[in-house]
Amino acid sequence: MKFRIQRYDPDKDAKPYMQDYDVAMGPSDRMLLDALVRIKSVDDTLSLRRSCREGVCGSDAMNINGKNGLACITKLDEVAEPVVIKPLPGLPIIRDLIVDMTHFFAQYHSIKPYLVNDEPAPEKERLQSPEQRAELDGLYECILCACCSTACPSFWWNPDKFVGPAGLLNAYRFIADSRDLATNERLDDLEDPYRLFRCHTIMNCVDVCPKGLNPTLAIGRIKELMVKRAV
Amino acid sequence: MTVPVRKFDAVIVGAGGSGMRASLELAKAGLRVAVLSKVFPTRSHTVAAQGGVGAALGNMGEDSWLWHMYDTIKGSDYLGDQDAIEFMCRMAPEVVIELEHYGMPFDRNENGTIYQRPFGGHSQNFGERPVQRSCCAADRTGHAMLHTLYQRNVHARTQFFVEWMALDLIRDAEGHVLGVTALEMETGEIAIFHAKATLFATGGAGRIFHSSTNAFINTGDGLGMAARAGIPLEDMEFWQFHPTGVAGAGVLITEGVRGEGGYLLNKNGERFMERYAPTMKDLASRDVVSRAMATEIKEGRGIGEHADHVLLKLDHLGLETIEKRLPGIREIALKFANVDPVKDPIPVVPTVHYQMGGIPTNYHGEVIVPAGGNPETPVPGFYAAGECGCASIHGANRLGTNSLTDLLVMGKSAARSMIAFIAASGREHRPLPNNAADYSIGRVNRLDSQAGGEDVSEVRGEMQRSMQAHCGVFRFPDLLSAGVEKIRAVSERVKRTQIKDKSKVFNTARIKALELDNLVEVARATMVLANARQESRGAHDRADFHSRDDVNWLKHSLWYRDADRLDYKPVHLKPLSVDTFQPKARVY
């Protein structure tokens with residue numbers, strides 16, 4: 001099977017280049033990650049992140065034939081050859097397929113990604129109805145792989161100022177939680193020409209999310225709440 | 001060579017559930033704590049836990065910590081330490097409720113309480129009938145838990161060192177543990193993390209086997225580091241084969257599928273677990289179900305081209321239940337088995353999943369070793385929690401959901417012990433030995449300069465295939481003794497591994513080679529101890545010693561890296577406050 005993989009080692013390369021690989025797959029190689037592991041067993045200099053190999057840890061996000069996705073759940077029989085693999089776009093490259101995710105995580109941290117509830121905790125669980133809990137579905141499943149934010153042109157231009165789809169999805173995850181008491185502060189924080197309003201509903205995020213989540217919808221909900229509290 | 005030294009009150013290696021539960025406790029106590037992780041915290045393997053966390057909340061009907069305790073002891077095939085088990089089961093509700101207060105998105109009942117599902121080996125009234133004890137967030141409990149713990153640590157401003165791999169434990173001449181050496185993956189630099197108290201929370205080492213539900217990162221780094229520092233490893237012959245790994249792929253399918261009403265079928269369409277466990281059926285404990293499946297396959301009732309797996313049927317649960325309670329399973333089945341479980345059964349096979357043994361600790365999380373006639377002398381400044389530790393809560397077989405319970409309880413418990421130890425240890429750190437980083441630097445230099453050596457992937461493959469073939473669900477004397485020789489040979493080859501990648505920057509070839517150093521220690525401990533234990537107990541099933549032998553083998557094994565030396569120590573049969581559960585025959 002044929003692959004074109006972007007390579008870059010700052011120790012020796014002036015700039016990134018594409019390297020071709022033609023490797024015979026084994027009978028148990030089903031996913032793109034299997035292929036990359038096989039290539040790495042031949043060329044140990046190829047560098048990438050990976051861990052769970054089942055699409056829940058979010059390590060192996062990369063750009064595959066022009067579209068962001070997770071290598072571990074991208075089926076080999078569904079990708080066109082040569083498979084062109086590049087690091088996630090828009091973030092600084094550390095080496096090969098490994099990008100510097102500092103900005104991405106800084107934006108996640110900026111939305112205060114934790115439950116805020118300063119009322120004294122009851123002895124048992126805080127009660128939440130199944131309907132209230134269902135509000136978190138489609139939000140809490142985010143794996144922070146960064147496929148969405150690095151597919152977003154607004155994030156490419158302003159990664160330091162625009163929270164980006166992953167961060168905003170997580171912001172709404174706490175706004176939507178019946179146990180969280182900081183909705184107003186959260187909305188105040190996002191009511192900003194850059195933090196939220198750089199989203200121009202291009203919807204690349206929805207297109208690439210490997211977990212089938214919809215950040216654009218979450219962003220729309222945040223905007224609705226802002227309008228609601230303004231009137 | 002001088003290396004940078006970073007000083008902290010506490011250093012934690014590993015940012016999975018137990019590491020982050022501990023760091024939270026330490027940060028809340030106002031201590032300076034560093035958490036080192038090979039991966040960004042939410043990539044840790046806790047993320048892959050699916051079915052739930054066990055705690056006798058009693059939200060779905062009557063339950064008690066004493067029943068949970070009985071189930072855990074019986075599940076452990078009586079090898080678990082009953083004081084540690086009582087401690088965990090009593091503390092389970094508290095740590096689960098805390099997690100809810102931290103924001104964990106548990107599923108809910110109509111009355112707003114946490115939803116709980118049935119799980120293997122968990123029963124009401126000492127084995128009478130299944131009980132609903134597993135607190136869950138759909139089939140993504142570990143993911144929800146790990147993210148919640150990370151979020152609380154962001155709130156607590158815990159200092160993480162992300163993509164730092166710990167290399168070796170630092171001990172002084174008196175044996176005190178003073179921290180670790182670690183490699184920053186992005187730059188290739190080595191630094192010393194100097195601490196008053198050091199916690200290993202490095203998870204399991206399922207990657208010693210060829211087929212495993214474990215993530216690539218589960219390479220037993222804590223166990224390797226401990227073994228190299230002269231600490232024994234406990235009960236390493238006990239490895240859990242999870243009944244339902246996707247055939248061919250190894251990816252986990254939660255026991256929660258059977259908890260929700262799914263069941264196993266052989267090629268005749270027979271629900272065979274009824275024959276092996278008349279009361280609990282498909283919800284018998286994992287060693288029992290895995291052995292039953294392996295027996296069905298061995299006796300020709302497997303299915304598929306090579307008759308090498310069985311089927312997990314859940315279509316009768318209906319689309320609504322599957323979408324609500326088991327959405328991740330449907331995703332996995334579609335991706336990795338090419339079946340939609342709403343219509344078709346999932347091909348499954350017992351797959352290596354969890355390491356019951358580990359670094360010996362008590363239920364305070366203190367690492368304990370035989371010394372001066374006491375088999376349980378604490379190593380000052382050293383703690384272990386989660387899958388890498390052995391308290392021993394799981395004995396010879398862990399119950400489903402108890403891994404998440406263990407990591408919360410033991411993470412918190414170890415942190416409390418560390419807080420007390422740090423408070424008692426004064427303002428100053430004990431001085432580092434002069435040569436504190438030399439050993440680690442030597443290992444890395446050896447690797448970088450090795451010529452004409454062994455290929456890392458090849459040697460690792462040989463180790464994994466040997467473990468798989470010689471140390472499986474059923475264990476045979478000739479295969480075990482041959483396996484010991486094979487793994488010893490692999491050990492020799494590991495000393496001469498070679499990498500082509502010489503870059504300083506994010507050199508993953510180097511990381512893989514260093515991981516193999518750790519894996520091979522775990523593999524050797526496992527094979528040597530499995531060969532030595534002449535009985536069948538829990539997950540350890542010997543063809544030549546069919547029964548449990550409480551007279552000779554109701555004891556914990558200890559393996560020392562130095563010349564594969566073995567030792568044994570008694571099981572704690574006395575709980576903290578209740579009467580001993582006397583060993584008896586296990587029937588489900």
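How many salt bridges are counted between chain A and chain B? The exercises below work towards this and related points.

This is a predicted model, in which local features need pLDDT of at least 70 and side-chain atom pairs count only at pLDDT 80 or more, while totals for chains, interfaces and linings use all residues. Residues are numbered from 1 along each chain as its sequence is written, chains are lettered from A and ligands numbered from 1 in the order in which they are written, and side-chain values use heavy atoms, with hydrogens and water left out.

**Exercise 1. Describe how chain A and chain B meet.**

Step 1. Begin with contact, which means heavy atoms within 4.5 Å: 62 residues of chain A are in contact with 64 residues of chain B.

Step 2. Turn to buried area, the accessible area (1.4 Å probe) that two parts lose on being put together, summed over both. The two chains bury about 5100 Å² between them, and 51% of this lies on carbon and sulfur atoms. A:Arg53, A:Glu125 and A:Tyr140 supply 13% of the area that chain A buries against chain B, more than any other three residues.

Step 3. Count the salt bridges, each a side-chain nitrogen of Lys or Arg within 4 Å of a carboxyl oxygen of Asp or Glu: there are six between chain A and chain B. In a salt bridge, the side chain of A:Arg179 meets that of B:Glu100 at 2.8 Å, N to O.

Step 4. Ask which helix of chain A gives the largest share of the side that touches chain B. With helices taken as DSSP runs (H or I, at least four residues) and strands likewise (E, at least two), numbered from the N terminus, the answer is helix 1 of chain A, with five residues.

**Exercise 2. Work out the strand order of a sheet in chain B.**

Step 1. Two strands pair if DSSP finds at least two bridges between them; an open sheet of three strands in chain B has the order 3-5-4, with antiparallel pairing.

Step 2. Strand 3 (53-54) and strand 4 (116-124) of chain B stand at the edges with a single partner strand each, so one side of each is left without a neighbour in the sheet.

Step 3. Strand 3 of chain B pairs with strand 5 (residues 129-135) of chain B over two bridges, and B:Val53 stands opposite B:Cys135 in strand 5.
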